[in-house]
Structures are given as structure tokens and as C-alpha cells.
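These are my notebook entries on a single chain. I set down what I looked up, in the order in which I looked it up.

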Amino acid sequence: MNVLREILDWSHDRPVWQREALRRLVLNSELSDEDIRALTEICKSAHGLAEQQEIAPLAKEHIPDNTAGAAPVSLVSIFHHRGVNALAEDQTLKFAVGLTVVYGDNGAGKTGYIRILKSACRARGQETILGNIVSGTAPLAPVVAIKYKIGLEPGPREWAGSGDDEFVSRVSVFDTHCAAVYLTEKTDVAFRPFGLDLFDKLVKACKAVRAKLEIEQGALASNALTVVQAQIPEGTAVAKFLMNISSLTRPDAVLVLGSLAPEEEARLALLEKSLLDLQVNDPERLIRQLILRAGRVRAFTQHLKDMDAALSVDAVAAVFNARTEGRRKSEEAKRLREATFPEGMLAGTGSEAWKALWETARQFSKELAYPDKAFPVVEDGAHCVLCQQDLDHAAAHRLKQFEAFVASTTERELQRIRENFARLRKTFVELRTTTEAVVETLKEIRIDHEPVADAIAAVLAANESRRRSVVAALVDDKDFAADSPILVSVVRETESLAGEIEARIKTLRTSATDETRKRMTAEAQELRARKLLAINMKTVLDDIERRKKYAAYGLCIDETKTQAITQKSSAVTKTVVSQRLKQSFRDELVNLSFSHIEVELKELGGTDGVFYHKLVLTRAPGVDLPKVVSEGEQRCLSIAAFFAELSTADDPSGIVFDDPVSSLDYQWRQSVARRLVLEAKTRQVIVFTHDVVFLLLLKQFAEELGVDQFDQHVRFLSKGAGVCAEELPWVALPIKKKVGHLKSGWQTADKLSRDGHQDAYEKEAKYLYGLLREAWERALEEVLLGGVVERYRPSIQTQQVANIADITPEDCKAVETAMTKCSKWLPGHDQAAAARAPVPGPAELKADIEALENWVAVIRDRRK
């Protein structure tokens with residue numbers, strides 16, 4: 001099965017944002033905070049909570065063709081500057097390819113180095129690194145570094161002691177805690193084929209996106225609708241509507257229910273007044289009061305109608321048109337006058353003042369002087385009514401001209417126009433927009449309808465300003481200004497008020513029953529509820545939008561559920577890894593010769609994209625394994641589980657073991673040692689141990705299997721624990737290295753002698769003779785007996801027996817002589833004072849060491 005192609009096919013049915021996440025994971029391995037933010041926005045955009053995002057879901061072209069494992073990671077060294085447990089400062093612990101054995105007694109500092117490794121490498125359980133808390137001073141912050149190499153890279157890389165390092169974390173650590181986890185807990189598959197980890201990472205992305213969505217959804221949790229619901233009368237249609245409001249509620253339904261027509265507003269006002277009216281003790285008296293009030297409002301309405309008519313656009317236009325027409329006719333009359341009266345007449349003849357004089361003379365003539373005669377009287381003997389002189393022919397002719405002028409059509413029309421203009425002008429001048437009756441009626445209206453009263457007062461003021469503008473233009477003989485106040489009418493409002501009062505009167509006369517009152521009350525409640533809904537319309541609409549968003553976030557959060565991912569991960573893991581893991585565990589038990597108890601890895605299903613296994617007894621799966629097997633068997637099973645887990649990886653990076661044979665007897669030590677050395681043929685294996693026997697077993701198998709082996713010795717010295725050296729302890733050194741160690745010790749002793757420190761020299765020389773005796777014992781096993789039998793090894797190498805057939809008496813004599821001399825200088829061998837011989841000098845000591853070296857060389861050369 002190609003894991004990535006299987007994931008690609010499966011992803012087609014996943015939400016778009018998850019497909020985008022898979023693409024980013026395939027290309028970049030990890031998701032950054034910015035990736036999580038972008039994926040959250042993509043998830044939201046699918047449900048209308050964000051703008052549409054540009055996406056590129058996982059597709060065939062994103063799947064790499066090469067799925068081979070990465071280059072292995074191997075450790076080069078650990079540098080401890082300071083701050084870890086009681087480790088000495090500035091120590092470097094080195095590692096090599098193949099097998100590295102780090103030996104140290106208990107308390108030597110091995111655990112401190114293991115804790116450093118566990119903080120950077122893969123381990124089932126990390127530990128907090130403490131400083132030197134027993135030093136009596138404040139512990140220093142840890143300063144460490146791990147150098148490592150990747151594949152065939154020429155130079156090492158470095159982990160500086162903090163943060164995650166994707167490379168060094170590929171090195172695995174096995175210790176006591178790891179062993180306990182394998183035995184008592186369910187464990188995930190830590191190493192997976194390339195691509196299988198996408199499920200884990202996708203689950204992690206789901207949780208991160210879900211966390212962001214839940215925070216944003218939580219901000220929408222507050223419900224402002226409860227405040228509105230508390231105001232709405234119970235049992236009304238609005239109350240029921242709000243009770244059932246949801247994310248699916250249509251906003252237009254709210255708009256319809258919360259919009260009152262003017263007729264409904266008026267009906268509510270009437271109902272509220274009528275219900276109050278029905279509560280009075282003397283309905284008849286109230287009816288009479290309302291009839292009077294209705295009459296006053298009707299009269300007020302008529303006043304407003306008259307005012308509207310007087311100040312209407314047509315009325316204003318009429319007065320200014322009359323003025324204009326008067327001007328035109330006046331000019332026409334002037335031309336007629338000039339044509340009628342000859343030159344020489346007094347100035348102003350024919351003018352308005354003259355006409356007034358003429359009309360007065362007419363009145364005098366008709367009423368007093370010549371009551372029965374037509375004016376002007378110009379017959380013989382007649383007198384002028386103005387100067388009362390006799391009229392000659394010229395004077396009589398002049399008076400007839402005057403009368404003809406005055407009686408002409410033009411003059412009559414001019415007179416009519418002037419009279420019309422004066423009448424119209426008088427209408428504006430004498431118009432009273434506000435009277436005492438108006439003021440009193442307005443006060444009465446204000447009692448129950450203050451907003452209407454305010455509107456009427458504003459209209460009266462505006463229309464008064466319009467009237468004054470008209471009058472001012474007429475007085476100043478100017479045109480009516482275009483920006484003058486326009487006419488505003490409130491006749492409809494006052495008529496509505498009058499109608500409301502009359503309706504109340506009707507209600508008082510006809511609605512005395514309880515049923516009618518209940519019906520009116522219910523109707524008023526419904527209208528009040530709708531009015532309150534209108535007031536809170538924005539709150540309700542906002543809450544519907546909030547609910548829609550909240551529901552949309554719920555859909556987004558549903559897309560972050562991990563069950564489907566876990567199911568797919570479990571299925572693929574079971575197919576690709578689980579069977580391989582179980583078979584590898586069985587193989588490891590065979591490698592460790594563990595067959596007396598039937599134990600197997602059992603599948604436990606998956607959670608959050610991770611598939612789990614657990615070690616169980618085949619014949620008693622319900623019994624806890626640690627209750628049945630011994631400590632040594634437990635450690636052996638844990639190592640088998642660890643190696644089985646490694647077998648599922650395509651990554652041959654290094655592995656580290658901390659005291660892998662703790663609690664193991666010799667049988668299991670040998671099996672584990674051989675298994676570790678076998679693993680060192682294909683990857684770097686680092687073993688920390690305090691067990692000399694196990695150390696020698698590792699070296700033995702490394703030699704037998706041709707594995708390069710590198711030694712490190714960790715000791716506790718005066719400057720602290722963890723002091724590193726590349727030389728193993730004396731007891732574990734082969735004869736060649738023991739000789740080298742003796743030569744190095746001789747150089748120190750020789751210098752003491754040359755510097756005159758005789759007592760120090762003698763002490764050092766006696767110590768070296770003790771080591772030399774132990775070296776002869778080692779040479780006896782390793783060289784003379786050819787390794788047929790060795791201490792700490794139960795087996796006898798019978799195939800080497802033929803090699804010892806060449807042993808000569810001289811060989812044996814040399815051993816006896818050397819051992820006797822060395823024993824003479826061992827501490828505890830007291831000599832008589834008289835027999836006390838001086839300690840051999842540097843030259844003699846050197847010769848004794850060289851004697852051992854030569855004896856070894858001769859025998860080995862002989863057996864080549």
C-alpha cells in the first residue's frame with residue numbers, strides 16, 4: 001500500500017480546509033501558527049464566516065515519488081559546560097559509529113548524560129534536569145550541547161541545549177522509564193512509514209483550528225434577546241415569535257411583525273385611551289367632555305384649513321399676480337391719461353390723488369349740489385362743484401373730458417384690480433395663525449398627545465413665518481423670496497385626533513361588557529408588543545445574525561472532529577505497520593531466546609489519529625504482565641518491544657541504551673549483549689552500563705561479529721561526576737592496553753624518582769607492581785591459554801584448545817617468576833626488618849613491564 005496515495009484518495013471526501021492542511025503538511029512537514037490561522041479562515045469561509053480564500057487542496061502532483069527513508073542521524077558528542085546534576089564542568093563525552101560503550105560505576109554521572117540526551121532525543125518520558133542541588137549554592141542554569149551528524153555530511157551539526165531539533169530527535173533512548181511504559185501502558189507506533197504521520201499532524205491541526213473557532217464562537221455566546229423578551233407582554237404573537245427565534249428565522253418576518261402602519265399606530269392610541277375611558281366612574285360625564293373637546297378640535301381643524309388656504313401656494317401667487325397686474329394696468333392708464341389731458345394741466349392731474357378728488361366732487365354733486373342730475377353738471381347756469389364759479393364753455397368741456405377719462409374701461413379695470421389686490425393683501429396682513437382659542441386648544445391636545453401638539457406648534461410657527469415673509473415682500477414691494485418657508489399642514493393629524501375622540505365617545509356608548517374590554521385589551525397588547533419589537537428591531541435582527549454565525553461556527557467545529565481521521569489512521573496503520581510490528585516482536589523474542597512465556601503485542605485501537613498496542617499475556621490477556629513475569633523478564637520483554645518498534649521505521653538513526661541489563665541474570669545478559677551488537681552492524685548503538693560482565697560481553701560479541709567498538713569511561717573525581725576518558729577501567733582492559741597503561745604509569749613514577757621524591761616513587765612503584773601482577777593473570781587467560789577459559793565467561797572455547805599445545809616449561813616458569821616478584825611488593829605482605837630489600841628502581845621496574853610485553857609477543861608470534 002502506498003500510504004500517501006491512500007491518504008490522497010481518502011482526502012477527496014474531507015473538508016476543503018483539511019485537504020489544504022494535508023497539502024501544506026506534505027510540502028512543509030509541519031504547520032506554522034500562520035498556517036493554522038489561514039486554515040481557520042478557509043474553514044470559516046466555507047460557511048460564510050470569512051471571505052473566500054485561495055486554496056490548493058492536496059492533489060496527485062503534490063505527492064513525492066521518492067518515499068525512501070531519510071539519512072540516519074548519529075551522535076558525535078555531548079558537551080557539558082555546567083548546570084546538569086553534579087556533573088563536572090567542561091566535560092565532553094564522545095561517541096563513534098558502530099558500538100560505543102560508556103562504562104561508569106554507580107554514581108559516576110552516567111544518568112546526567114542520559115538526561116541530557118532524553119531532553120533532545122526521542123524518549124518515552126522526559127525528565128526535568130536539575131542542577132547540583134547538594135552543592136550548597138544556587139544551582140546554575142544548564143548549558144549543554146549535542147553534536148551530531150546526518151548521513152554522510154562532512155561536518156557535524158549542533159543542538160544548543162534548548163528547543164526542538166527535528167534531526168537529533170530521531171535518535172531513540174531506552175531506559176528504565178521506557179521499559180516500564182512498554183510493560184504497563186498502551187503505546188503508540190512511534191516510527192511510521194513516510195506519510196503515516198500525516199494523520200497525527202492533521203489531528204493536531206484539527207485541535208488547533210478547533211481551539212481558535214471555539215474562542216471566536218464563545219464571543220458570540222451572549223444573548224441580548226433576553227432583555228427584549230422581558231419587555232414584551234406574555235402570550236402575544238411577538239412573545240411567541242421571539243421564544244422560537246433561531247438561526248433559521250427570516251429577517252423579513254421580523255420586519256413585517258415589527259412594522260406598524262399609521263392606521264395601526266392610531267388604533268393603538270385609541271385602544272389605550274378607550275381602555276382608560278372605560279375605567280372612569282361617570283361615563284356620561286366623560287362623553288359630554290369628549291363631545292366638547294371634539295368640537296374644539298374640529299373648530300381648530302377648520303382654522304388650520306383656513307390658514308392652509310390663505311397661505312397656500314395659489315393664494316400667495318394670486319396676491320403677487322394681482323400686484324403685477326395692477327402695475328401693468330397703471331402703466332396703461334398713465335398712457336391714456338397723457339393722451340386725454342392736454343398740456344398745461346396741473347401736475348398730477350389724472351393721478352390717484354386727483355381721482356380721489358374727482359370722486360369726492362362726484363359724491364358732493366350727487367348728494368348735495370345737484371342730486372337729480374348726472375355728474376358733471378355743465379348746463380347753463382351750473383357752477384363748478386369745486387371752485388363754485390360759473391362754467392364757461394371751455395370749463396364745461398374740460399369737466400366732460402375728466403368724466404370721460406374716469407369712466408373709461410382702463411380706469412375701471414385698474415380700479416377693480418387695485419381693489420382685488422387690496423383685498424388679497426388685507427387677507428395676509430390681518431391673518432392670525434395663532435389665536436387665543438388656538439392656544440387653549442393646543443394646550444388641551446398636549447395633555448394626551450404631546451408629540452402631536454409639538455408638531456402643530458412647530459407648523460403654526462413655520463406658517464406664521466411664511467405669512468410674515470409674504471407681508472414683508474408686499475410692504476417692501478419685492479418679489480416673494482424662493483427660500484421663504486414652505487406651507488406645512490397638520491390638518492390630517494388634527495382630523496385624526498378629532499376622529500379618535502369621536503371613536504372614544506362611540507366606544508364609551510357601545511363597549512360596556514367585560515368581553516369587549518378583554519378583546520380590546522388583547523388587541524392593545526398585540527399592538528404594544530409589535531411596537532416594542534419595532535423599538536428593539538436592531539437588537540432582534542442582530543441576534544438572528546449572531547445565531548446564524550454561532551450555528552455556522554458549530555458547523556466549522558464539526559469539521560474539526562477527529563473520529564474519521566482516527567478510523568482511517570487505524571485502518572492504514574493496521575495494514576501497513578501493525579502486522580509488521582507484531583511479527584517483529586515475535587522475532588525479537590526469538591533473538592533473545594525468550595520462549596518460556598507466551599507474550600504478544602495486542603492492538604488496542606486508535607485515538608486522535610494514533611493507533612495503540614500493548615504487551616499482554618497470550619493465555620491471560622486480562623492479567624497485568626508485571627504481576628506474572630520477573631524483573632529480568634520484564635526488562636527483556638521491554639527491549640524486545642523497543643527493537644520491534646524500531647523495525648517499523650525506515651530511519652536507521654542511532655539508539656541509546658541506559659543500563660539495558662539491569663535486573664537481568666547472566667542468561668539474558670548474553671542474549672541482550674549479542675542483540676545490541678547485531679544492531680550495531682546497521683546503526684549507531686550507544687550503551688551506558690555499570691556492569692563489567694556486560695561490558696566484556698559486548699566487547700566479546702563486537703570482536704566476534706566484526707563490529708567497531710569505541711570505549712568511554714565516566715568517573716567521579718574531586719571536581720565532580722561524569723569526568724570522561726576514552727580508556728576503560730583497568731579490570732576491563734585487554735592485555736595490550738594493560739601493558740600500555742603500565743608504561744604510562746611508569747613514566748609518572750620515573751619522573752617522581754628523578755625529581756627526588758623517593759617516598760612517592762616507592763608508593764607508586766608498589767602500586768604498579770600490583771597492577772603488573774594482575775596483568776600477568778590476564779595474560780595467562782588471554783594469551784597463554786588462548787582464551788579457552790576466561791573470568792566472567794561461563795563458556796569454554798574448546799575450539800581454541802589446540803592452540804595451547806605449544807606451551808613450554810619456560811613459558812610457565814616466566815609466569816611463576818614474575819608473579820612471585822610482583823607479589824613481594826603488594827601491600828599487606830610484611831617483611832622482616834632484617835630482610836627488608838629496597839624497592840626496585842625505575843630501570844628495573846621498566847624491565848619487568850617489558851618482560852611481560854615481550855613474553856606476550858613471543859607467544860603470539862609463535863602461534864601465527
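**Entry 1: salt bridges.** I counted salt bridges, taking one as a side-chain nitrogen of Lys or Arg within 4 Å of a carboxyl oxygen of Asp or Glu; the count comes to 54. The model is predicted, and I required pLDDT of at least 70 for local features and pLDDT 80 or more for side-chain atom pairs, while totals for chains, interfaces and linings use all residues. Residue numbers run from 1 along each chain as its sequence is written, and side-chain values use heavy atoms, with hydrogens and water left out.

I looked up Arg23 and found a salt bridge with Glu20, with 2.6 Å between the closest N and O atoms. Both residues belong to helix 2 (residues 16-28) and stand 3 residues apart, about one turn of the helix. For helices I used DSSP runs of H or I with at least four residues, and for strands runs of E with at least two, numbered from the N terminus.

Are Arg23 and Glu20 buried or exposed? I called a residue buried under 20% relative accessible area, exposed over 50%, and partly exposed in between (1.4 Å probe, protein chains only). Arg23 has 16% relative accessibility and therefore counts as buried; Glu20, at 1%, counts as buried too.

I then looked up Lys118, whose side chain meets that of Asp175 in a salt bridge of 2.6 Å, N to O. This pair links distant parts of the chain, 57 residues apart: Lys118 is in helix 4 (residues 110-120), and Asp175 is in the loop between strand 6 (172-174) and helix 5 (176-184). Lys118 is buried, with a relative accessible area of 1%, and Asp175 is buried at 5%.

A further pair is Glu853 with Lys743, where the closest N and O atoms are 2.8 Å apart. Because Glu853 lies in helix 28 (residues 842-862) and Lys743 in helix 25 (residues 735-754), the pair ties together parts that are 110 residues apart in sequence. I noted Glu853 as partly exposed, at 30% relative accessibility, and Lys743 as partly exposed, at 35%. I also recorded a network in which salt bridges with shared partners join Glu20, Arg23, Arg24 and Asp35.

**Entry 2: the chain as a whole.** I listed 28 helices and 13 strands. Of the 864 residues, 45% count as buried. The accessible surface, from the Shrake-Rupley method with a 1.4 Å probe, comes to about 44800 Å², and carbon and sulfur atoms hold 52% of that. I took a contact as heavy atoms within 4.5 Å; among contacts in the chain with a separation of 6 or more, 74% join residues 24 or more positions apart.

**Entry 3: nonpolar cores.** I defined a nonpolar core as a set of buried Ala, Val, Leu, Ile, Met, Phe, Trp, Tyr and Cys residues joined through side-chain atoms within 4.5 Å. Which residues have the most contacts inside the largest core? I found Leu99, Phe585, Leu637, Leu698, Leu852 and Trp855, in a core of 78 residues. Helix 26 (residues 758-784) supplies the largest share of this core, 11 residues. Another core lies apart from it, with 37 residues that include Ile287, Phe300, Ala310 and Leu497.

I followed Leu698 further. With neighbours within four places in sequence left aside, Leu698 is in contact with Leu99, Val101, Ala673, Leu676, Val677 and Val687.

**Entry 4: strands 12 and 13.** I found strand 12 (residues 709-717) paired with strand 13 in the antiparallel sense over 4 bridges; I required at least two DSSP bridges for a pair. A hairpin of 2 residues joins strand 12 to strand 13. Arg715 has Val723 of strand 13 as its bridge partner. Strand 13 (residues 720-725) has 5 of its 6 residues buried, so it is largely enclosed by the rest of the structure.
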